[in-house]
Structure formats: C-alpha cells, structure tokens
Amino acid sequence: VLLVFAEEDEQSHGFRWACDKAGFRCHLARTPQSALECFLEKHHDIIIIDHRHSRYFDAEALCRSIRTTKASENTVIICVVQRHTDREETSILPLISAGFTRRYVENSSRMACYNELIQLEFGQVQAQFKLRACNSLFTALEKSQEAIEITSEDHVIQYVNPAFETMMGYQIGELIEKELTEVPINEKKADFLDTINSCIKIGKEWQGMYYAKKKNGDSIQQNVKILPVIGQGGKIRHYVSISRLCNDNNKVEKTCECIQAESQTDTQTCRHKDMRKGSLDVRSTTSRGSDGISQRRRSSMARVHSMTIEAPITKVINIINAAQESSPMPVAEALDRALEILRTTELYSPQLGTKDEDPHTSDLVGGLMTDGLRRLSGNEYILSAKQTHQVAGSLSSPISLNDIPPRITQAMENEEQWDFDIFELEAATHKRPLVYLGLKIFARFGICEFLNCSEATLRSWLQVIEANYHSSNSYHNSTHSADVLHATAYFLSKERVKQTLDPIDEVAALIAATVHDVDHPGRTNSFLCNAGSELAILYNDTAVLESHHAALAFQLTTRDGKCNIFKNMERNEYRTLRQVIIDMVLATEMTKHFEHVNKFVNSINKPLAALEENGNNGDGESIKTVLRSPENRILIKRMLIKCADISNPCRPREQCIEWAGRISEEYFAQTDEERRQGLPVVMPVFDRNTCSIPKSQLSFIDYFIIDMFDAWDAFADLPNLMEHLNNNIKYWKGLDGRNLRVLRPPP
C-alpha cells in the first residue's frame, strides 16, 4: 500500500494502523514526485491519495500521472475526500475520469480504515490479480502451436492466436467482432453444423475432423475440438475451438462425438474438464467403414499420445511433429531426418560412419561398446561363477600403516601428485600396491572415521579385494586398481570437486575405484557374451563385468566380519553409500560412455560457462545451484571415475607407454583365445603380428579421451593432465608417421 499524504494526521495514522493489522507493507509519500518514484520502484497494489487539501498538491493530476505508467494497469487507486454534512453530494465522475478506482469519505476511525482495506483486498485487488494472471494465459495462447479461436455465446469471434492466423491465412483484424457466418472459414454441411451445435449448446465438448477453407480458397483438413465455457448464471458464455492440421492422408468421414464436459456454475471461476481425458476418446477420428483392427490401432495410438507419464524424448518428438506442420518443405525434410535419429535407441553413441573408417577405431569401438555377437560356436567359457574367491581367513595377516617398509614408504612419498609413479610402487610391493596405497589414501581422507571401522578391518578388506584381482592379467590387475584409486583421490582434491561432493560421496568414490575391476578375467564383455560364459548368462549379456565387480565387492566385504568395513554403519547411510558405489562402478561400462559425457557437458559444463559469460563467476549461489543438484552430483561422480579409469593417456609419457603395452597385450591374448576357441574375433586389428600400437592408441584417444578430458578439464582445471595428453599424442603420431607399430622407436 502507498499512502500519499502531504501531512500526517489522524486519517493517515488510521490507514497506517490498518495496514499493520492487515499485514500489508506500507510506504508513505509526501509529494507527487516522491509518490511517483516510490510507485515505479515498488509497484504497489493499492494507492491511497489525500484529496482533501488542494493547496498541497493536485490529487487528480497525480492520479493521471500514475495511470500513464504501464505498472499501474492493475493498481487500485483510492481517493480520500472531505466529509461535508451541509453540502449536496457531488458527482464522482471527475474522479473516475482522473483514474481513481473508488472514493473514500474521510473517517479516521481505525476500524473503518481497516474495513476499507479488507474490502479492497477481497474485492478490487483480487479482481486485479486475476486480470494480471490473464497476461500469462494470453502469452501461453500466443505461443501455442495449436490454432485457437474464442467466440462469444452468439458465435462472434473475440480472439484468435497467431497459429490460427498462420493456418487460415487471415489477420486478426479481419476476424475480430465478425460472426462465424460472415467469415467463410468452415466448409460445413448444414446437417453437420447442426450436429456440432446440438452438441455444444447443451454444454458438451465436440471433437472431430472437418475440412476448412483458408482465405486463399485452399481446403485443409483439421482435427478440431470445440469446448463450451460455462460462465455467470451457469450459462454458456464462450466457445473455445482448438484446431491442428491433420497429417493423415486417408479420407476421414466427418463424424462427431459428444463428450460430456464438466461444468461448474461458480460465478467466480469456471473449471474445465481435463483436456487429456478428452483426447483419450478417439471414436471421433475413426472411419465409419474401417474394420475393428484399424479402429483398435487408432485407439491405441491415441492413448500412447496422451500418456500421463511422458518421456522427455516423446515430448521432443511431439514438438518437432508440431513444428513440421507449418514448416516449408526443406525444413520439414530436415526435421524428418532429425526424427529418424531421435527414434534410434543409441542417441549418445556416435555412428562410426561419421568418422573416418579406421579399422583400429572400428575394432576398438566394436569391442568396448557392444555386448558382442551371440555365441556362434558350441564352446563355453566358464568364468568366476564356480571360481573360489579369496576371503579374509585364507590370507596372511595384513601389515599396519606404521609398519610399512622404507622402500614402499619412499615409493609413496609423492602420491598426492599427478606424476606419482605407480609402477615403482608395484615393484616395491611385489605386485601388491593396492593394500599400501589404499591404506595411505584412505587414511588421508579419514575413511575409517567416516565408516566407524578400525584400521585393522580396513587392512583386511584391502587385502581381500587385492587378492581377488588377477595378477596374471597384464592390464586389469591390482596395479590398475591402485592407479585408478590414485587418480580418483587426485580428482577429489581439486577445488571445484570439493565444492560439489559431500563426505559420503568421497568415501563412495574411493571404494568404487578400489573395487571397480575386482575379479576381472582379462577379457571384454563382448568376449564373455560370445563365449556364453556363466557371468554373461547371469547378467543377461548386459554390463556383465561391471555388474559382477559391484556384486562381488559387496559379497567379499559382507561375508566376513574381519573385513566388513560397513558393519558399524547406520542402515540408511549404508544403503545410500552402497547405491553410490554401485552407480559409479556401473558408470565405467563403456557402452554408456558417450551418454555420460554428453549429459555432463549439457548439464554442467554449458550452464557453468553461461554463468561465467554473463559475468556471474562470482555468483556463488548460481554456481552452487548447478553443482549441488542431486542429478548433477551423480553426473559428476560418474565422470570422475570414468576419467580416473581411462586416464592412462594423460599420465607422464613413460607411464602412458607402459599402460599402452599392457592393454595391447591383454587384447592380443583375447584375440589368440577367440581364434583357438572358434569364437567371433571382436577386435581383429589386435593381432600381435600385425597390430600398430601407435594407431590403436591414437584411435582410442581421438574417439574416447579428447572430448571427455576437455570437458573434465573445463570443470576441474587440470592443465598438467592436458599437457601430458598433448605430448603423448605427439609421441604416438611421431611413431605412426614413421610407420612404426611398436611402443618405442628402435635405438
């Protein structure tokens, strides 16, 4: 409320008291200039202007000034006039002409002022709120893709939206205030028109198809819904017609179906029936002569299009379909191609045809991103299901963090740095780096304190997990697990990541990194599916290894209290931690690689970049909103472990070369076994006699690494990793340019 009184008196005090009692915010202005400035800043709902003393200011002139502003469109302005007992009542027309909403005859009684404000709130102010809301409704109508026409009860056109103008070729000025019969829009037979009228005049909704004539004379087929709107006195006051062009080329008989509409005779509001329910009835769109099968098919499709739980991709396809209806032919054809892509299941996986047809890339992608061909031979590859796994009781007593030999301590001195050498630790620990590095990193992050477990339990757990990695694998062994654990800890120490994740997320990330490849057989998912392995059968050929790693990790942990690091956790916290660990381990499966990366870029990189471009890099709240939403935190954790898992090309050169040799050897061994067993060869290019390791590394980096680490670097700020990556790319290109197929140039 804005009070405009040149001098405070009992009347102004009465309104101020009334505002306090009613809980209204109140401002007081003494001059027309200050009143106008205050109103333009605060946009008050009610303005009360003192008109009793013209010597101070001209109240009517002030009201006119306020009314010239756009902000006053829905403002209630009250004029306080003097009480004259000996004078004849004067006309209020001059006040109304000046823009006042109503007059208040001075009465300084506090309760009289309070009653006036309450009457205004529930009368004029509430009405203005509704009018203000109409702007939003009309904005929605203006932007609607469907053609909308509103007529009076006498079928006089009162409104059409831009979509209607586009569809019919008329300008709005040619239609407003015209009767439907004056405008030759609809090509209706008399009996057909009577049928529609008989339906809508009794308050029922009509839906069906008919042909309409555009301004230029062209005839178009429309799917139309006409809704009667019940207003004051329970009578029909308006008709709303919603139309869209029909894409179906089949001839459709002009049939109609009356659908009972809910009506409410409340004079304040009018509620309409749920539009979605109306769209479920498709009898109006079926042909009279069609058979039962086609009727049922159309009925099913109508239900599909009006599903209450609609997937985002369905909404996107519907939007594109609607846009096609009024698009020029080249645009419509381009949208057709877009729809073709959207209807595929692999939306995030690039199609190899769009890249150069390099066999190294083809084989790598085929081997890493598919679940393999179905088994083509009678051989079966038995893995893990009947294998005896190492448990705590079968292992020697683990060493304490305080008893680590000096050589191992020295090898772990710089474990907080990215250039830490995992192979030096592997040699110092006789291929048992995971226990030692795990003890140090878990102590640094306070994992035992969070889990409420002893260091002895953690030592036993690390030893059990490491014992179930296969030291015979050249790549997927406990050294790889320790390397991923190190990368995870390094990423967790970056400032942006620390801002984002909670302690439980850090604990989950470190545990997930430790167990993410436990009991890996040194063979790909495609191999296991083709071989008909028991694990592939158990997990239905879907994320076979990743599902196994996660499941076995919890089996090994909870099987024996000596190594159960979760045994002292509260149940709900354990459930949350378990879900995060499983999600992160499953995120390392490569078939979802591009989905995870693209979601990260679109949901995190781009919004953060937009905030920085708009000069909001100091706006902590906006950045926090992006970083801390539950959905985005999941994406960040997935991206973190994915980058840690395949960070080898971002390591210092000698480590990068060593890892490249190890993964190549594992793929060579798989190709050898596939040929021995008569299985489909998943990656033929990995033949130890012909494979070019530099080419395979360049293909892997180009296809999987560059985009992902560009996105992760933009988020976490990792210049040293990107420098190593660029140096390693130059190294592999140098070897490939000399047509060398080996890891290192000859002496």
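How many of the 13 residues of H17 are buried? The points below start there. Note that this is a predicted model.

1. **Helix H17, burial.** The count is 10 of 13, so H17 is largely enclosed by the rest of the structure. The buried stretch takes in Thr457, Leu458, Arg459, Ser460 and Trp461, then Leu462, Gln463, Val464, Ile465 and Glu466.

2. **Helix H17, length and packing.** H17 covers residues 455-467. At 1.5 Å a residue its 13 residues should span 18 Å, and its end C-alpha atoms are 18 Å apart, which agrees. What does H17 pack against? Its buried residues meet helix H15 (433-444), helix H16 (447-451), helix H18 (478-492), helix H20 (503-515) and helix H23 (544-559).

3. Look at the loop between H16 and H17, where Asn452 is found. Its phi is positive, about 60 degrees, although Asn452 is not a glycine.

4. **Helix H23, length and burial.** H23 is one of the helices that H17 packs against. H23 has 16 residues. From first C-alpha to last it reaches 22 Å, close to the 22 Å expected at 1.5 Å a residue. Of those 16 residues, 12 are buried, so H23 too is largely enclosed by the rest of the structure. The buried set is Val544, Leu545, Glu546, Ser547, His548, His549, Ala550, Leu552, Ala553, Phe554, Leu556 and Thr557. The cover over these residues includes H17, H20, H21, H22 and H24.

5. Ala543 sits in the loop between helix H22 (534-538) and H23. It is not a glycine, yet its phi is positive at about 45 degrees. Is Ala543 buried or exposed? Its relative accessible area is 12%, and the cut-off for buried is under 20%, so Ala543 is buried.

6. **H23 against H24.** Helix H24 runs over residues 571-586. The axes of H23 and H24 come within 8 Å and cross at roughly 145 degrees. The crossing is right-handed. On the H23 side, the contact uses Glu546, Ser547, His549, Ala550, Phe554 and Thr558. On the H24 side, it uses Tyr574, Arg578, Ile581, Ile582, Val585 and Leu586. These residues divide into 7 nonpolar, 3 polar and 2 charged. An α-helix has 3.6 residues a turn, so residues three or four places apart point the same way. Keep that in mind when reading the spacing of the contact residues.

7. **Asp517, the annotated position.** The UniProt entry, which is unreviewed, lists Asp517 under "binding site". Asp517 lies in the loop between H20 and helix H21 (525-531). At 6% relative accessibility, it counts as buried. Which residues does Asp517 touch, leaving out those up to four places away in sequence? They are Tyr469, His476, His480, His549 and Asp645. One of them, His549, is also in the H23 contact with H24.

8. **Ala508, in helix H20.** Ala508 lies in H20. At 0% relative accessibility, Ala508 counts as buried. Beyond four places in sequence, Ala508 touches Leu577, Val580, Ile581 and Met584.

9. **Cys79, in strand E4.** Turn now to another part of the chain. Cys79 lies in strand E4 (residues 76-81). Cys79 is buried, with a relative accessible area of 0%. Leaving aside neighbours within four places, it is in contact with Ile49, His51, Leu95, Phe100, Arg102, Arg103 and Tyr104. The C-alpha atoms of Cys79 and Tyr104 are 5.9 Å apart, with the two residues 25 apart along the chain.

10. **Thr139, in helix H5.** Thr139 is found in H5 (residues 110-143). It is partly exposed, with a relative accessible area of 46%. Its C-alpha atom and that of Asn161, 22 residues apart along the chain, are separated by 9.8 Å.

11. **The chain as a whole.** There are 30 helices and 11 strands. The chain has 747 residues, and 48% of them count as buried. Take the contacts between residues at least 6 apart in sequence: 70% join residues at least 24 apart.

Terms used. Residues are numbered from 1 along each chain as its sequence is written. This is a predicted model: local features need pLDDT of at least 70, side-chain atom pairs count only at pLDDT 80 or more; totals for chains, interfaces and linings use all residues. Side-chain values use heavy atoms; hydrogens and water are left out. Helices (H or I, at least four residues) and strands (E, at least two) are DSSP runs, numbered from the N terminus. The expected span of a helix is 1.5 Å times one less than its number of residues. Buried means under 20% relative accessible area, exposed over 50%, partly exposed in between (1.4 Å probe, protein chains only). Contact means heavy atoms within 4.5 Å. UniProt positions are given in the numbering used here, feature names are shortened, and annotations may be inferred rather than shown by experiment. Axes are lines fitted to C-alpha atoms, for helices over the stretch in contact, and angles run from 0 to 180 degrees between N-to-C directions. A crossing is left-handed if the near helix is turned anticlockwise from the far one by less than a right angle, and right-handed if clockwise. Ala, Val, Leu, Ile, Met, Phe, Trp, Tyr, Cys and Pro count as nonpolar, Asp, Glu, Lys and Arg as charged, and the others, Gly among them, as polar.
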